[in-house]
Amino acid sequence: MSKQINVALIGNPNTGKTSVFNALTGLNQKVGNYPGITVEKKEGICKLPRGVKAHIIDLPGTYSLNASSLDENVVIELLLNKNGKDYPDLAVVVSDVENLKRNLLLFTQIKDLEIPTILVINMSDRMAYKGITLDIAYLEKELKTKIALISTRKNKGISELKELLTHYKEISAEPCLNASEIDTSYFNNLRKAFPNQLLYKLWLVITQDVNFGKTDRKTYDAVEDFKTKSKADLKRLQQKETIKRYQFINETLKKGQTIDLKSAKDLRIKLDRILTHKVWGYLIFAVILLTIFQAIYDWSSVPMDFIDSSFAALSEWVKVTLPEGAFTNLLAEGIISGLGGIVIFIPQIAFLFLFISILEESGYMSRVVFLMDRIMRRFGLSGKSVVPLISGTACAIPAIMATRNIESWKERLITILVTPFTTCSARLPVYLIIIALVIPEGRVLGLSYQALTLMLLYLIGFGAAVGSAWILHKIMGQKSKSFFVVEMPNYKLPLLKNVALTVLEKTKAFVFGAGKIILAISIVLWFLASYGPGDNFNNAENIVTEKYASQNLSEDELNQKIESQKLEHSYIGIAGHAIEPAIRPLGYDWKIGIAIVSSFAAREVFVGTLATIYSVGSDEEETIKNRMAGEVNPILGGPLFNFASGISLLLFYAFAMQCMSTLAIVKKETNSWKWPLYQLVIMSGFAYLVALVAYQVLI
Amino acid sequence: MNTIIQNILVYIAVGAAVLFLVKKYVLPMKKKSTKACGGDDGCGCH
Amino acid sequence: MTLAELKRGQQAIITDVSSIHIPLKLLEMGCLPGNSVELVQVAPFADPMYLNINGSHLAIRKETAIHIIIETVHE
């Protein structure tokens with residue numbers, strides 16, 4: 001058996017920690033959750049020389065061990081729990097050569113926990129550009145560590161880092177400064193009360209409001225003279241500690257680092273003069289958004305059409321090739337069209353995550369936060385709400401999790417509540433197919449009407465989010481104290497590898513997460529549409545033949561009538577007819593009703609459901625879109641999907657809360673069923689009303 | 001004969017799908033409501 | 001004067017921070033007495049403020065900036 005060591009990657013945000021992780025693990029990584037919470041846990045395996053394997057955990061980015069968010073708690077909990085299975089044998093602190101001073105703060109804290117620590121100085125390729133020189137030997141001595149000078153961008157220093165990991169036993173665990181000097185008498189008392197504990201660890205437990213293993217906490221609280229300081233005093237001590245750490249760092253860097261300001265260039269300031277400008281900044285942001293939507297629409301239509309027709313052909317091929325029977329039908333009509341309903345989203349989801357990850361990787365997203373803060377605050381949101389609202393265009397679930405770095409609870413809660421209004425990728429297929437059906441082709445100023453409609457729907461979603469935020473802001477009243485600190489990282493050319501891995505991982509998560517649900521629902525729906533109770537269903541052939549006996553129909557026409565008789569009296573048909581009165585005023589028939597009901601599990605089921613329902617009723621190989629276009633309104637005549645019902649349906653999907661997974665995540669993040677229930681009732685009720693008004697006005 | 005096998009396969013597939021959905025949606029909800037995440041668990045709220 | 005009154009492009013030294021009103025995170029990012037600060041850019045209505053504190057580029061709101069006391073540097 002080969003040896004395996006636990007390595008924790010720790011570092012400030014924007015230091016390229018994830019690039020280091022990707023460089024070490026490549027595709028040998030998996031993303032999961034920490035038990036019980038929804039913080040993303042990234043881990044991977046790195047093979048080292050001499051048969052040693054490193055199990056590497058990429059911890060959430062943090063500026064210090066004084067946690068102010070759930071993500072940061074994860075870091076501390078892992079580092080303090082000596083008995084945990086992920087407790088690191090070795091910590092690797094990743095720092096950015098341009099922000100060494102600030103990055104070293106976290107490094108000194110980790111060192112104080114007496115964990116063997118390696119310091120990685122990343123982005124070393126920018127040293128010459130910035131006029132920085134480092135005395136590595138001196139720094140290693142002062143910081144009591146080994147330093148790996150690497151550049152993930154230029155792929156330099158990775159093998160040296162691996163070499164250091166292999167010799168993990170030689171890495172010092174000695175702390176590099178004595179933090180207890182900030183208040184000697186207090187810390188002496190502490191030492192007396194808990195002689196066996198690490199002083200800095202005690203200090204962290206006292207000052208943090210987080211959940212360290214409950215038992216830990218209780219034993220500390222049990223000792224009487226333990227809590228001798230008020231909160232304000234503790235904070236003053238923390239400030240003193242920070243100042244002391246910086247004194248040490250400044251002294252170390254004074255000798256170990258020289259910066260020649262004359263040869264330093266700063267692209268960031270030049271770019272920010274334009275990109276965060278009062279006018280140009282906003283214009284550029286608008287242009288970027290517009291480009292993204294046009295690109296998503298244009299670029300993904302080709303692969304999507306291809307996927308749609310391929311699956312139709314495959315379904316037809318299965319029907320012809322396999323022996324006739326119920327299972328062949330399930331395969332052709334249920335499973336294959338269900339699978340088609342999943343695969344067809346892949347191009348758009350991939351494109352969307354491509355753009356989002358480029359915006360984040362390049363550092364532009366922070367500028368958006370800066371630009372939007374003042375505007376968002378007016379609606380009770382924070383500039384940081386923009387990131388959830390933008391990532392909400394991919395999926396509300398990661399977006400709601402991304403609210404964790406919003407400092408004020410009120411701003412965070414409002415962001416969580418309104419994020420599901422933004423147009424998530426699950427709405428996209430619904431929008432695309434309905435737009436294709438009811439919005440005419442043609443262009444204005446080089447932009448197609450269809451793309452503009454899509455853009456408008458995104459704006460409506462965003463507007464609904466912001467509008468409801470404003471209402472919530474007014475209802476909740478009372479100005480809670482809020483902090484807002486956002487780093488403006490240096491601009492970076494996004495690393496292809498990082499972007500590609502993000503796109504791959506998110507697409508995979510969709511296909512295997514949502515995909516399974518869609519497939520299962522498709523199978524159940526097919527069953528409900530293919531079987532039915534009573535005479536009307538089981539005797540459909542005789543009933544229809546008798547009914548039309550006098551009309552001399554061709555065999556094809558007769559078969560069509562039989563199929564629709566069957567569908568109407570199947571389980572699903574009966575259920576659909578039961579809810580039809582409620583949705584008739586919106587311009588929908590019972591088939592759309594079924595699709596809406598089934599998409600309460602997940603919106604993307606809508607297209608798959610219609611595909612399943614319609615393919616049950618027809619024999620020919622046809623694409624979903626053509627089948628939908630052929631549907632006739634049973635009462636008014638004319639196409640069922642006309643302008644009025646199409647718009648009504650688009651608006652219904654824009655506002656309705658139709659995603660069980662989002663409700664579950666909101667419950668988790670707000671710790672109560674109250675908020676997800678409000679969301680469900682208010683959003684869906686509002687959606688119904690708007691769709692009703694739209695249809696009645698347009699018809 | 002053939003029809004019987006086909007029907008059996010259909011019921012297996014549908015049964016598996018229903019089981020999966022029940023597991024995914026019905027069971028976790030029950031678990032959550034009995035073992036509430038509340039208390040001093042620190043689920044991230046103030 | 002306070003940080004909120006700093007003009008664009010002006011350099012200053014932080015002389016005092018009121019630790020009760022300032023999140024620890026900001027202190028840890030280098031917003032400590034003795035460090036230099038420069039206003040890089042302001043959003044409309046001069047809020048939030050984009051600062052270069054001790055080499056860290058960050059944005060904070062005006063309501064936080066009023067709790068940071070500074071002294072301008074004349075060159």
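**A strand in chain A, its neighbours and a partner chain**

Leu119(A) has Ile147(A), in strand E8 of chain A, as its bridge partner. This is a predicted model, in which local features need pLDDT of at least 70, side-chain atom pairs count only at pLDDT 80 or more, and totals for chains, interfaces and linings use all residues. Residues are numbered from 1 along each chain as its sequence is written, while chains are lettered from A and ligands numbered from 1 in the order in which they are written.

Start with strand E6 of chain A, residues 117–122. Helices (H or I, at least four residues) and strands (E, at least two) are DSSP runs, numbered from the N terminus. E6(A) pairs with E8(A), residues 146–149, in the parallel sense over four bridges. Two strands pair if DSSP finds at least two bridges between them. E6(A) also pairs with strand E5 of chain A, residues 90–96, again in the parallel sense, over six bridges. There, Asp96(A) stands opposite Asn122(A).

How many residues of E6(A) are buried? Six of its six are. A residue is buried if 20 or more other C-beta atoms, placed from the backbone, lie within 10 Å of its own; it is exposed if 12 or fewer do, and partly exposed in between. In a regular strand the side chains alternate between the two faces of the sheet. Thr117(A), Leu119(A) and Ile121(A) point one way from E6(A). Ile118(A), Val120(A) and Asn122(A) point the other way.

Now turn to chain C. The contact takes 33 residues from chain A and 28 residues from chain C. Two residues are in contact if their C-beta atoms, placed from the backbone, lie within 7 Å. H3(A) is among the elements giving two or more residues to the chain A side, and so are helix H11 (267–275) and strand E12 (485–487). The largest share, eight residues, comes from H10(A).

E12(A) and strand E4 of chain C, residues 56–60, run antiparallel and are joined by three bridges. Glu487(A) has Leu58(C) as its bridge partner in E4(C).
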